[in-house]
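Q: I have a protein model on my screen. How do I start reading it?

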Amino acid sequence: MHNFDQLNLSSDSLKILKGLKFENPTPIQEKVIPVALQGNDVMGTAQTGSGKTLSYILPIVEKLRKNVNDKFLILAPTRELSEQVFSVAKIFLGHGKPFKAINLIGGKGIFSQINQLKKNPQIIIGTPGRINDLLERKSFSLSKCSIVVLDEMDRMLDMGFGYQVDKIMKQVNKNRQMIMLSATIPAQIRKVSSKYLKNPVNISIENNDVIETNIKQKVIETIPNEKVNELINQIDQRKGSILIFAKTKIGVDKLVKKLKANSVKASALHGGMRQNKRSKIMQNFRDERFRILVATDIASRGLDVPHIEHIINYDMPQAPEDFIHRIGRTARAGSVGEAVSFLTQKDTRIWKSIERLLNKEEFKQNKGNPNYENKPKFKHKRRGRSRNKKKVGGRN
Ligand code: AMP
């Protein structure tokens with residue numbers, strides 16, 4: 001494997017990487033950085049946790065160092081992901097340099113963003129809705145944009161941002177370079193790719209961990225009325241930070257209340273909360289000021305909080321892919337983690353789809369490995385039908 005010294009990066013970037021103790025590029029960085037530095041469009045298949053953020057931040061920063069008047073746009077599907085990308089960009093811009101990044105997300109004061117835009121930040125990061133709003137107000141222009149990054153494009157389409165992204169792209173000059181990243185490449189992504197990208201270099205990291213082998217999986221079969229008790233039981237058995245997923249905003253709030261009523265301190269995170277509150281909660285969770293966060297799937301993608309040790313799927317997700325994203329919030333960057341899933345009778349169908357997906361991904365990862373046996377590993381067995389038998393099965 002290369003080390004960062006072999007990637008043609010500036011001494012400033014190498015110094016910052018060294019300070020972060022990042023010695024070797026991750027596979028996606030190793031492949032994307034040289035191609036992007038040469039000015040090619042990139043269509044990359046990358047999961048969160050693969051180091052994808054730096055794979056585009058580093059080429060952007062290198063280009064900016066050469067031409068301080070260049071502009072860059074990074075679009076992310078959620079406000080949380082946008083904030084995370086912004087914080088990485090700030091680290092690599094360095095202190096006291098004439099480079100600025102701005103984070104344009106909804107829920108934050110638009111007038112303060114307009115004022116900050118007057119200072120001409122070169123790197124514009126944000127979510128499609130707010131960026132469009134500011135473009136419509138002519139608060140900034142994308143006519144001299146050098147690189148556009150569409151991060152987690154599949155998620156942006158899932159969230160219905162296709163139209164907004166299209167509107168933004170119409171304002172970007174034609175000779176820009178594009179980097180599009182997506183966890184999956186469904187037909188819709190191919191269509192968008194052929195629309196925005198010119199002769200892209202396709203980069204896919206085959207062995208890219210969708211299921212980290214260092215995530216222990218556990219399944220608990222339960223009934224709706226027992227879920228809260230079982231959750232408290234699971235929390236009591238665990239040390240370290242826990243991220244709990246519930247299905248709806250109301251469900252998250254109710255669950256936090258129930259936990260509090262049982263003297264378990266927890267905070268909520270969902271899209272119905274004011275942005276300032278969302279940011280504050282995320283910051284406090286990152287800073288380990290509290291250890292239990294209950295969230296909707298807004299937290300299932302992209303979030304990188306290295307100290308999350310446990311994921312609890314209190315409610316199962318709607319789509320099997322979300323399960324993989326949820327459990328990927330633990331065992332970050334090589335650490336270990338545990339994922340617990342509560343299954344009730346009505347989850348049978350989604351669990352079957354999850355099993356199919358997990359086995360498929362595992363098979364893909366082990367292709368060519370002579371010691372690998374392709375047998376279902378995530379089977380959960382219904383042992384007995386008694387309502388009192390709430391905790392059965394599971395694997396560790
Ligand atoms: P990302 O997929 O961009 O969210 O990155 C996942 C995690 O990997 C983050 O905590 C990064 O700080 C970390 N990371 C990214 N690149 C490297 C690297 N080359 N070496 C070690 N850690 C890294």
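A: Start with contact: two residues touch when heavy atoms lie within 4.5 Å. Keep in mind that this is a predicted model.

Q: Which residues does Leu259 touch, leaving out those up to four places away in sequence?
A: Leu259 touches Leu231, Ile232, Ile235, Ile244, Val264, Ala266 and Val294.

Q: What is the general idea behind such contacts?
A: In soluble globular proteins, nonpolar side chains tend to be buried together. Now the case here. The largest nonpolar core has 51 residues. Within this core, Leu231, Ile244 and Leu259 touch the most other members.

Q: Which helix gives the most to this core?
A: Helix H14, residues 348-365, with five residues.

Q: How many residues are in the second core?
A: That separate core has 39 residues, including Val32, Val85, Ile147 and Ile203.

Q: Now the sheet. In what order do its six strands run?
A: Read across the open sheet: S8-S13-S12-S9-S11-S10. The pairing is parallel.

Q: Why is one side of S8 and of S10 left without a neighbour in the sheet?
A: Strands S8 (215-221) and S10 (267-269) stand at the edges, and each has a single partner strand, so one side of each has no neighbour there. Ignoring direction, neighbouring strands are turned by 20° against each other on average.

Q: How many bridges join S9 and S12?
A: Strand S9 (residues 241-245) and strand S12 (residues 308-313) pair over five bridges, in the parallel sense. Find Ile242 there: His310 in S12 stands opposite.

Q: Which strands does helix H12 lie across?
A: H12, residues 275-286, lies across S9, S10, S11 (292-295) and S12. H12 runs at about 125° to S10. Another helix, H13 (residues 320-327), also packs on the sheet. H13 touches S8, S9, S12 and S13 (337-343), and its direction makes about 155° with that of S12.

Q: Is Lys21 buried or exposed?
A: The cut-off for exposed is over 50% relative accessible area. Lys21 has 68%, so Lys21 is exposed.

Q: And is Glu152 buried or exposed?
A: Buried means under 20%. Glu152 has a relative accessible area of 4%, so Glu152 is buried. Its phi is also positive, near 50°. Glu152 sits in the loop between strand S5 (145-150) and helix H7 (153-158).

Definitions and conventions:
Residues numbered from 1 in each chain as written. Predicted model: local features only at pLDDT ≥ 70, side-chain atom pairs only at ≥ 80, totals over all residues. Heavy atoms only, no water. Core = buried A, V, L, I, M, F, W, Y, C linked by side-chain atoms within 4.5 Å. Buried < 20%, exposed > 50% of the residue type's maximum accessible area, 1.4 Å probe, protein only. Helix = DSSP H or I, 4+ residues; strand = E, 2+ residues; numbered from the N terminus. Pairing = 2+ DSSP bridges. Axes fitted to C-alpha atoms, helices over the stretch in contact; angles between N-to-C directions.
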